[in-house]
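Dear colleague,

Please find below the structure that I am handing over to you.

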Amino acid sequence: MHKKYKTRIGAAMEEFLDLQKERSFCAADACHYMEQREIAVNITTVYRHLEQLVKDGILVKFKTADSDNQRYRLAGDVSRCQRHLHLQCRRCGRIQHMECSFMDEIYRMLEAEYGFALDCETSTLSGLCRECRGMQAEEE
């Protein structure tokens with residue numbers, strides 16, 4: 001088995017990813033994490049690491065409807081993510097897997113009505129999670 005050369009940036013990226021279990025993030029988030037740990041890195045290097053992780057199947061890259069920025073999330077069990085949508089809280093960034101019995105019906109309806117083939121692995125619905133809705137209600 002081929003071992004990859006470990007760099008300080010690579011190790012910091014692994015630490016950062018360990019903290020992102022249920023959240024999505026962007027390259028700037030990873031840069032900020034490294035800057036807080038006094039690791040000098042430029043955004044190009046971070047993008048290069050992230051793109052390699054996407055290629056290796058560790059991350060999934062996607063865009064949200066409300067931003068042109070690329071977002072990333074841990075791929076986890078990829079077999080699960082190809083057949084359901086993802087819910088992302090636009091306040092805290094948490095990702096939830098929308099595993100429900102009617103996904104096959106949604107697939108059929110989109111194909112029949114619109115000729116559209118849904119790509120669930122990168123499809124994300126944006127809104128507020130239960131916790132953030134509660135915090136927002138308290139703030140109002």
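How many residues lie between β3 and β4 in their hairpin, and which residue in the turn has a positive phi? There are five residues between the two strands, and G93 has a positive phi of about 85 degrees.

Before the details, a note on the source. This is a predicted model, in which local features need pLDDT of at least 70 and side-chain atom pairs count only at pLDDT 80 or more, while totals for chains, interfaces and linings use all residues. Residues are numbered from 1 along each chain as its sequence is written, and side-chain values use heavy atoms, with hydrogens and water left out.

The sheet

Helices (H or I, at least four residues) and strands (E, at least two) are DSSP runs, numbered from the N terminus. Two strands count as paired if DSSP finds at least two bridges between them. In general, strands of a sheet pair through backbone hydrogen bonds, either parallel or antiparallel.

Here, three strands form an open sheet in the order β4-β3-β5, with mixed pairing. The edge strands are β4 and β5, each of which pairs on one side only. On average, neighbouring strands of this sheet are turned by 30 degrees against each other, direction ignored. Strand β3 (residues 85-89) pairs with β4 (residues 95-98) in the antiparallel sense over four bridges. Four bridges also join β3 to β5 (residues 124-127), and these two run parallel. L87 has Q96 as its bridge partner in β4 and stands opposite L125 in β5.

Strand β3 is mostly covered, as four of its five residues are buried; buried means under 20% relative accessible area, exposed over 50%, and partly exposed in between (1.4 Å probe, protein chains only). T124, found in strand β5, counts as buried because its relative accessibility is 18%. T124 is the bridge partner of H86. Not counting residues up to four places away in sequence, T124 touches F62, H86, L87 and Q88, where contact means heavy atoms within 4.5 Å.

The helices

Axes are lines fitted to C-alpha atoms, for helices over the stretch in contact, and angles run from 0 to 180 degrees between N-to-C directions. Helix α1 (residues 8-18) and helix α3 (residues 43-55) pack at about 65 degrees, with their axes 11 Å apart. Their contact is made by I9, G10, M13 and L17 of α1 and T45, V46, H49, L50 and L53 of α3.

Helix α2 (residues 27-36) packs against α3 at an angle of about 115 degrees, and the axes are 9 Å apart. In this contact, A27, A28, A30 and C31 of α2 meet I43, V46, Y47 and L50 of α3.

The cores

A nonpolar core is a set of buried Ala, Val, Leu, Ile, Met, Phe, Trp, Tyr and Cys residues joined through side-chain atoms within 4.5 Å. The largest such core has 18 residues, and those with the most contacts inside it are M13, M34, V46 and L50. Helices α1, α2 and α3 each supply at least two residues of this core. Leaving aside neighbours within four places in sequence, L50 is in contact with M13, F25, A27, L59 and Y72.

Yours sincerely,
A colleague
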